[in-house]
Amino acid sequence: MSENEHDRREIADLKQEVAVLEHEVEVLDEIIDLEERAKAGKDPKKAKKYRLRIDKEKKVVEVHEMNGTQILALVDKTPDKYLLSMKVQGAGFQPVAPTQIVVFHRDRVERFQTLALDPSEG
């Protein structure tokens, strides 16, 4: 094989790789409101930002996943004083452990709620 043929084959291979990569690149929405998306019956998907509802507060995060402790911290609460649960689209409320990872684009989360461990809190 001549050097010229080798170069042409290498360029063709690179073009094919680029085409595959372009196909795989996801175009992410700027922000997704998890509650609105779930109520509309749409499946979760990746986004640059997610709007979460925790009790009555809405918070915007720029990560795809958080653990229970991090979610509670968004509303200035801690797992030693509050239980966290998430409403899952079509499945009701499920507890979220402090170290449990919630993946926003996979776990079909609609919203979160907290419950004080001590009834006199909150």
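Student: Is F104 buried or exposed, judged by its relative accessibility?

Tutor: The cut-off for buried is under 20% relative accessible area. In this predicted model, F104 has 0% relative accessibility and therefore counts as buried. Y50 also counts as buried, at 0%. Over the chain, 29% of the 122 residues count as buried.

Student: How many aromatic pairs are there?

Tutor: Rings pair if their centres lie within 6.5 Å. The count here is one aromatic pair. Y50 and F104 have ring centres 5.4 Å apart and planes at 50°, so the pair is tilted.

Student: Which parts of the chain does this pair tie together?

Tutor: Y50 belongs to strand β2 (residues 47-54), while F104 sits in the loop between β7 (101-103) and β8 (109-116), so the pair links parts 54 residues apart in sequence.

Student: What is the pattern of helices and strands along the sequence?

Tutor: There are three helices and eight strands, in the pattern α-β-α-β-β-β-α-β-β-β-β. The radius of gyration is 22 Å, well over the 14 Å that the globule rule gives for 122 residues, so the chain is more spread out than a compact globule. Its C-alpha trace spans about 80 × 30 × 20 Å along the principal axes.

Student: What share of the contacts with a separation of 6 or more comes from residues 24 or more positions apart?

Tutor: Such residues account for 47% of those contacts.

Student: How many positive and negative side chains does the chain have, and how far apart are the centres of the two sets?

Tutor: The chain has 21 positive and 25 negative side chains, with the two centres 8 Å apart. The chain exposes about 8300 Å², of which carbon and sulfur atoms supply 50%.

Methods. Residues numbered from 1 in each chain as written. Predicted model: local features only at pLDDT ≥ 70, side-chain atom pairs only at ≥ 80, totals over all residues. Heavy atoms only, no water. Helix = DSSP H or I, 4+ residues; strand = E, 2+ residues; numbered from the N terminus. Rg over C-alpha atoms; globule rule 2.2 N^0.38 Å. Buried < 20%, exposed > 50% of the residue type's maximum accessible area, 1.4 Å probe, protein only. Contact = heavy atoms within 4.5 Å. Areas by Shrake-Rupley, 256 points an atom, 1.4 Å probe, with all protein chains shown as cover. Lys, Arg positive; Asp, Glu negative; His and termini not counted. Charge placed at Lys NZ, Arg CZ, Asp CG, Glu CD. Phe/Tyr/Trp six-rings, centres within 6.5 Å; stacked < 30°, edge-to-face > 60°.
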